[in-house]
Amino acid sequence: MKSFKRLLLLFLVFSVLIVNVVALNPAVADSANPKQNTMASEHNFGDEEPESNPQASPEPTPEASPQPSAEPSAEASPEPSAEPCSEPSPEPSPEPSPEPNPEPSPAPELGELPFTDVPSNSWYYSAVRYVYERGLMVGNTDTLFEPGKNVTRAMAVAVLYRMEGRPETGDNPFVDVPAGSWYESAVSWAAAEGIVYGVDQQHFSPNSYVTREQILSFIYRYVNYKGGETLQRHNLNGYYDRYSISDYAVKAVKWATAVHLVKGRTETTIVPKDTLTRCELAQILMNLNTRILENESVMHPSSVEVPILIYHSIDDTVQNASTISSEDFEAVISMLSETGYHAVSYNQLVDFVDNGTSLPENPIVITFDDGYQNNLDLGYDILKRYGFCAEISVICSFIGVMDQYDDFSVIPHFNLEDVLELEDGVINIQSHTDRMHMPYDYSDLELGRRGVAKRVTETEAEYIARLRTDFQASYDRIASVLNPPQALTYPFGIFTSQAEAVAKEVGYRVTVTTRTGTNVITHGDPDCLYLLNRVEVTADMSADDFAEMMNSFS
């Protein structure tokens, strides 16, 4: 009996050992396959969301540009730029299909985002939520935002149009923007307001991907359209690819980085011609609203930037450094008109400084020195045709002189009465002194004087008295026929502290030099109207040269 019990016990022990060996074999096999272990681990902890890669673009299309290698900061976004009068198209890209949900429904109720591809820990989550809750952007499906998908030019303009509240629009100027398309109203509005230009005069290329420099240009012009201040500039010295920014976009990119609307794609690169993704656009729009449009000091500016152009003579038979043909003059005026500049008078600048009276977007002053007859004969009609005005500073002792002044041969100068026959507001007359625009050795009276500079032989009191006599004579001569002059333009650009003091004493609100540069005019600061800079336009300067020069002052 005992032997039987021992045998039974041994049998049970042996059976348990066999079961254990069989049970252990699968575990040994699984341990050799890390992938299976990983999958098992993920399933075991399936109620926790795996850590997501903020850079990964969910199901990117073949055309989609890669996301930044480093996670962008909250401010990071592309550096789009401005378009010129004819904005260059980005590298041709396949025509993407229209945005699946181009027109968003009314702003959704606050709550969790419905998009499965916008993780709550992604750098762009708050931006996507911001634009979604305000109806500026929607998903490409009910559950997918597609943050890594590229933005087209049509989409970029549409969000600004939505932001503006879908205002009334004019005629559509582009043959490639179909009537009734979801973006027709947006493009028509933006083109009419000078916020966008086509890739040429007839084509907008709505389905081409917008570049980083283009979107910043759209926004730069949009803020100008809204009356905001866009004077700040970043020098971009830290970005080694800053010279790849298109000329038309330089101001926009410098401004956008200065106001922290965007940063570079990396610490040392801007990549202005790269494409823009939907999550980057969302971040830009949030920055635009919170940092610019909702900023009272930006949207109700006290300062504007004003360039002043210098011309002298317009002649279709003779051209030299100070003479331009009527064709070349019209080419510059046409280019200024097409690119959104608006000519203003010195009176308007004074009114802005004194009373805060608003100036048009992109104000510019057109000036002529000396008072030549050809300014009226050839320049007036061109200015009037484009709705521009000009300031002509006359040498009062030469008014009405047609060929000779004593023994000095001169180009014909008009009479002040000639201006009375012209339409009001096109030509405004200012002073270029009475007799101080003379060569060194022209007369005994002015011997040794260059412009308003002090003669070596005269005392301080004599010098000031001479300035007072001349400045008052020119002021009174103009005021006897036309409106009193607001500005004194210094001959040869030479000025002195004594001349400045006398000009203010006589009643001139503006003084003008030939120093090169633009001007910042500030409401409430009358001193900003003195010693203004100007930009000289020469006969050999093309429209492209002019545009490049203007950008160089930014």
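Me: What makes R129 partly exposed rather than buried or exposed?
Reply: This is a predicted model, and in it R129 has a relative accessible area of 25%. Buried means under 20% and exposed means over 50%, so R129 counts as partly exposed.

Me: And E133, why is that one called buried?
Reply: E133 comes out at 16% relative accessibility. The cut-off for buried is under 20%, so E133 falls on the buried side.

Me: How do you know that E133 and R129 form a salt bridge?
Reply: Their closest N and O atoms are 2.5 Å apart. The limit for a salt bridge is 4 Å, so the pair qualifies. As for how they are placed, E133 and R129 are 4 residues apart in helix 3, about one helical turn.

Me: What makes K504 and D527 a salt bridge?
Reply: Here the N to O distance is 3.9 Å. With the cut-off set at within 4 Å, the pair still counts. K504 sits in helix 15 (residues 497-506), while D527 is in the loop between strand 13 (519-522) and strand 14 (532-536), so the bridge ties together parts that are 23 residues apart in sequence.

Me: Is D527 called buried or exposed, and why?
Reply: Exposed: its relative accessible area is 51%, and the word applies over 50%. K504, at 39%, is partly exposed.

Me: Which residues are joined with R265 in one salt-bridge network?
Reply: D274 and E280, through salt bridges that share partners. In the bridge between R265 and D274, the N to O distance is 2.5 Å. R265 is buried at 15% relative accessibility, whereas D274 is partly exposed at 23%.

Me: How many residues are in the largest nonpolar core, and which have the most contacts inside it?
Reply: That core has 70 residues, and I215, I219, W255, L261, L288 and I292 have the most contacts inside it. Several helices supply at least two residues each, including helix 6 (212-225) and helix 8 (278-293). There is also a second, separate core of 40 residues, with L383 and V537 among them.

Key: Residues are numbered from 1 along each chain as its sequence is written. This is a predicted model: local features need pLDDT of at least 70, side-chain atom pairs count only at pLDDT 80 or more; totals for chains, interfaces and linings use all residues. Side-chain values use heavy atoms; hydrogens and water are left out. A nonpolar core is a set of buried Ala, Val, Leu, Ile, Met, Phe, Trp, Tyr and Cys residues joined through side-chain atoms within 4.5 Å. Buried means under 20% relative accessible area, exposed over 50%, partly exposed in between (1.4 Å probe, protein chains only). A salt bridge is a side-chain nitrogen of Lys or Arg within 4 Å of a carboxyl oxygen of Asp or Glu.
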